[in-house]
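Hi everyone, thanks for coming. Let me put the structure up, and then we can walk through it together.

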Amino acid sequence: MSGDLLFFIEISLAGLGSGALLALTALAFVLIYKATRVVNLAVSEVLMLGGYLFFAFAAGLGLSAWVALPLSILGGGLLGGIVERGVIRPMLGENPISVFMVTVGLGSILVGMAELIWGAEPKSLPAFISTTPLFLGEAYVSRKIAVAFVVAGVTISVFLALFRFWRGGVALRATATDQAAAYSCGINVPGVFSVAWIVGCATAAGAGVLLGAIGGISTTMGVFGLSALVVVIVGGLDSILGALIGGLALGLIQSWASTYLGGEYTSVVTFGLLIVAMMIRPYGLFGTHEIERL
Amino acid sequence: MIIGTAKESYRADEALLTTQPQRVWMAIFLAALVALPFALNDYWLYLACLVAINVTAATGLNILTGFTGLVSLGHAAFMAVGAYTVAWAETRLGTPFFINLIAGGLVAAAFGILVGLPSLRVKGLYLAIATIAASFILHFCFIHFDGITGGATGINVPPLSIFGIELATYFRLYWVIMPITAVMVLGAANLFRTRIGRAFIAIRDRDISAEVLGIPLLRYKLMSFSIASFYAGMAGGLWAYFFRVVTPESFPLLTSIFLLAAIIVGGMGAIIGGIAGAIFMTLAPELLRFGMEWISPLVPNAGALLSPVRTVVFGALIVGFLIFEPQGLAEIIQRIRRYFRLWPFRT
Amino acid sequence: MPKSTTPSPHLVSAQDTWDAPAGLSVEDVTLRFGGIKALSGVTFSAQPGSITAVIGPNGAGKTSVFNCISGFYRPSSGRIMLDGQDVTRLRPPRRATLGMARSFQNIALFRGMTVLDNIKLGRHGHMKTNLLQAFFYAGPAAREEEALRREVEERIIDFLEIDHIRNMPVSVLSYGLQKRVELARALAMRPRILLLDEPVAGMNREETEDMARFILDVKEEWGVTILMVEHDMGLVMDISDHVTVLNFGQVIASGKPAEVQADPQVAAAYLGSGDPAALMKRLAAEGAT
Ligand SMILES: Nc1ncnc2c1ncn2[C@@H]1O[C@H](COP(=O)(O)OP(=O)(O)OP(=O)(O)O)[C@@H](O)[C@H]1O
Ligand SMILES: [Mg+2]
């Protein structure tokens with residue numbers, strides 16, 4: 001195999017790895033959006049908080065990583081539940097922009113709190129994934145990235161399956177399609193809202209731990225969420241499949257762009273793509289097009 | 001019926017300030033603005049200028065977001081365009097201040113039209129995200145078109161001078177920045193007395209029926225984008241003269257969020273909202289600073305806590321206003337006015 | 001309150017400044033939504049200066065026809081002619097400047113604005129103030145606004161008897177008044193043809209009678225062609241010159257009110273079966289009470 005090709009394969013694999021994390025974060029956006037029609041920008045900060053919680057449990061309290069990880073995920077879920085009950089539910093039905101801005105404000109609060117508690121300097125997480133590299137054929141892959149890929153892939157597949165076959169998933173889909181109708185079918189709509197926020201935020205927190213394991217944590221790591229937001233806009237805000245495919249595709253494209261064009265090109269390419277995709281399919285590649293009735 | 005509403009002519013009824021007390025309060029307010037620089041020290045004058053610049057930018061964003069209903073999270077990028085234009089013209093062409101400033105506004109307006117084009121297809125949040133995207137792309141351009149923008153180091157701007165008089169102190173800058181802000185605000189208020197402003201509101205409230213009334217949507221949406229960007233560009237131009245350096249990091253995404261927060265807190269869709277919000281949001285961090293200084297004897301390293309506390313308070317203000325006072329400070333001001341009715345002129 | 005010294009304005013409604021009523025014809029219009037045919041080969045016309053009613057059961061496609069006429073839906077085939085000009089491909093704002101105005105089935109007023117501002121918006125297309133003039137509220141802008149205010153007050157607000165609510169936000173008004181404001185806004189457009197989608201739906205009898213009077217006055221004194229969709233048979237039979245009946249997206253009858261009333265197909269469409277004449281009488285009676 002020629003060196004160039006091998007190199008290309010390696011960066012593509014790395015791209016798929018970070019793409020899987022993007023997809024996982026995108027999943028958090030989609031879950032919350034599907035149920036409550038809220039674009040929750042605070043997903044980015046919940047992701048950051050997931051990383052910090054892991055840091056607090058593992059480095060601060062000295063817990064084993066396998067205890068700290070579920071605790072961080074739970075912490076994210078708890079936060080999601082509280083925010084949904086306390087702040088979002090009273091705002092439902094308001095104009096979507098206001099609710100979106102509420103989540104922007106929440107994000108700012110979370111960043112400030114994290115800085116108050118842990119300080120503003122970046123930190124690295126205690127190692128819990130071995131650093132010995134993996135080889136796929138001849139191609140080198142960082143083990144952390146491979147683990148992230150597998151975890152994200154499994155999680156998303158589980159969600160796809162749940163959506164199709166489990167009653168709760170069906171309830172969520174019903175709520176997404178028509179709230180009033182779901183209500184009248186006896187579906188506990190507020191319950192669905194809570195579950196979606198809890199699960200969505202827990203997912204984001206888990207993604208934060210994985211992301212922190214790869215690149216360390218900082219209070220600004222939430223910008224990763226912006227890329228995930230691009231994924232959901234391109235893939236369709238209400239499509240899990242769109243999150244998966246969009247996440248992997250964006251991971252690849254970012255990886256290629258930063259290798260062949262230079263790191264500073266990642267954001268132009270990402271956002272350029274976003275604008276092009278929006279002009280072609282405003283409601284996302286896999287999203288539902290809602291028609292306005294007069 | 002309260003006094004001042006019995007109108008002799010339609011023209012009087014269409015005036016900006018319709019009651020005597022309104023006119024008197026406005027006169028007092030303007031007199032205060034004139035007196036301010038003689039009463040304030042340098043630090044507060046610095047803040048006054050900064051407030052004025054933010055008022056211009058926020059009023060522009062209010063026209064777009066508050067009145068036309070098009071949410072932009074890229075407003076800071078237009079300020080940057082204005083600032084770069086001014087810096088470039090000042091250093092390369094040496095053209096006079098006022099021409100540079102207007103050019104800054106116009107170039108920003110042109111970019112605004114470009115960035116507004118997606119509003120042809122997308123609405124609401126999608127549009128907001130498109131504007132974020134546009135601002136990142138512009139940020140990239142600021143770094144990479146270094147022939148014009150000076151790359152990562154940016155452009156240093158010489159002190160502002162008018163007719164050979166150098167205006168380097170805050171006291172002197174105030175006399176340029178504040179009147180321009182006043183004119184911009186007045187212009188915005190005038191806009192909403194005419195068909196153009198009404199069309200904007202119509203688009204915000206119900207864009208389909210706006211079309212039936214003969215309002216071409218795309219044209220007016222782009223017009224709103226260009227006006228808002230013109231305001232941002234003017235504000236950015238003043239900013240460049242004020243801080244005397246423009247770099248790609250001068251106008252981050254956070255500034256866009258700050259401006260949006262300012263109009264939320266102030267009150268969207270009310271001219272006074274942009275003013276009140278910009279004043280409040282610019283001064284709130286300063287108040288916090290005094291607060292932190294005050295408690296510093298009690299709390300160790302209070303100084304280090306200032307920045308995260310500001311971040312938390314910033315977020316809390318957005319959330320709090322959206323939940324408890326969605327109409328913002330403008331509504332509070334209204335309530336106070338109703339409470340006092342026409343006090344103290346008649347009761 | 002501003003008071004005008006001119007006599008009741010609708011008596012002097014100047015035909016010379018307002019254009020003559022327009023004729024409209026819908027020619028073989030078909031409209032598809034995905035697989036569904038909402039309209040198939042719909043053809044009818046509205047004569048200049050007349051009142052034409054479009055009736056039909058729920059879901060018959062009446063609103064869809066209106067949306068084609070005003071340009072929100074593009075027909076899959078067929079033409080819309082306004083005074084002999086093909087307008088099928090024009091965007092709604094263009095049609096508005098050609099003299100087409102409409103109201104909506106689910107009131108589409110600007111809820112945050114006052115009644116006055118809502119009505120003023122109707123004149124948008126006829127005004128000329130540009131951005132620079134607006135910014136400085138310079139001479140022409142101020143003059144234009146004043147003239148507009150005068151016209152709205154003296155021609156429209158007085159005519160529709162809504163002077164007591166002119167400064168209220170629309171959202172606080174009753175349903176009937178909102179419909180009236182919507183009519184006012186449409187009139188401010190100086191229309192040549194007015195499309196009214198269920199102008200009296202949800203109104204009580206008194207409000208319905210007022211509205212009927214306004215519609216007749218608009219036709220006769222303002223010289224405007226009227227095309228309306230209405231379920232209230234009493235009103236339709238009373239004031240329309242011509243009636244077109246739609247069912248399942250097709251025209252099933254067309255003619256003078258009395259002819260249509262006597263058409264067995266029409267009653268069948270409303271009921272499915274039964275004695276059509278008796279039914280139509282009952283419907284008419286219901287509409288009148
Ligand atoms: N935007 C749309 N997308 C899909 N189908 C539509 C759309 N608009 C209307 N339809 C369908 O077209 C048909 C006609 O609807 P329309 O609203 O024109 O009926 P209508 O005669 O106005 O009824 P009503 O008396 O209830 O107002 C209905 O079956 C409706 O479901
Ligand atoms: Mg209808």
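So, please keep in mind that this is a predicted model. Let's begin where chain B meets chain C: 36 residues of chain B are in contact with 46 residues of chain C. Between them, the two chains bury about 3500 Å², and 63% of that is on carbon and sulfur atoms. Which residues of chain B lose the most area to chain C? They are Tyr10(B), Arg195(B) and Arg198(B), which together make up 25% of what that side buries.

Now for the polar side of things. There are two salt bridges across this interface. In one that we can look at, Arg91(C) pairs with Glu211(B), with the closest N and O atoms 2.7 Å apart. We also count nine residue pairs in polar contact between chain B and chain C. On the chain B side, the elements giving two or more residues include α8 (170-191), α9 (195-205) and α11 (217-243) of chain B. And if you sort the residues on that side, you get 22 nonpolar, five polar and nine charged.

Let's turn to chain C itself. Here six strands form an open, mixed sheet, in the order β6-β7-β8-β3-β9-β10. Its edge strands are β6 (100-102) and β10 (250-255) of chain C, each pairing on one side only. On average, neighbouring strands are turned by 15° against each other, direction ignored.

Within this sheet, β3 and β9 of chain C pair in the parallel sense over four bridges, and Ile55(C) stands opposite Val245(C) in β9(C). Finally, helix α6 (residues 175-188) of chain C lies across β6 and β7 of that chain, running at about 160° to β7(C).

Thanks, I'm happy to take questions!

Conventions:
Residues are numbered from 1 along each chain as its sequence is written. Chains are lettered from A and ligands numbered from 1 in the order in which they are written. This is a predicted model: local features need pLDDT of at least 70, side-chain atom pairs count only at pLDDT 80 or more; totals for chains, interfaces and linings use all residues. Side-chain values use heavy atoms; hydrogens and water are left out. Contact means heavy atoms within 4.5 Å. Buried area is the accessible area (1.4 Å probe) that two parts lose on being put together, summed over both. A salt bridge is a side-chain nitrogen of Lys or Arg within 4 Å of a carboxyl oxygen of Asp or Glu. A polar contact is a pair of N or O atoms within 3.5 Å; within protein, one must be able to donate a hydrogen and the other to accept it, and residues adjacent in sequence count only if both atoms are side-chain atoms. Ala, Val, Leu, Ile, Met, Phe, Trp, Tyr, Cys and Pro count as nonpolar, Asp, Glu, Lys and Arg as charged, and the others, Gly among them, as polar. Two strands pair if DSSP finds at least two bridges between them. Axes are lines fitted to C-alpha atoms, for helices over the stretch in contact, and angles run from 0 to 180 degrees between N-to-C directions.
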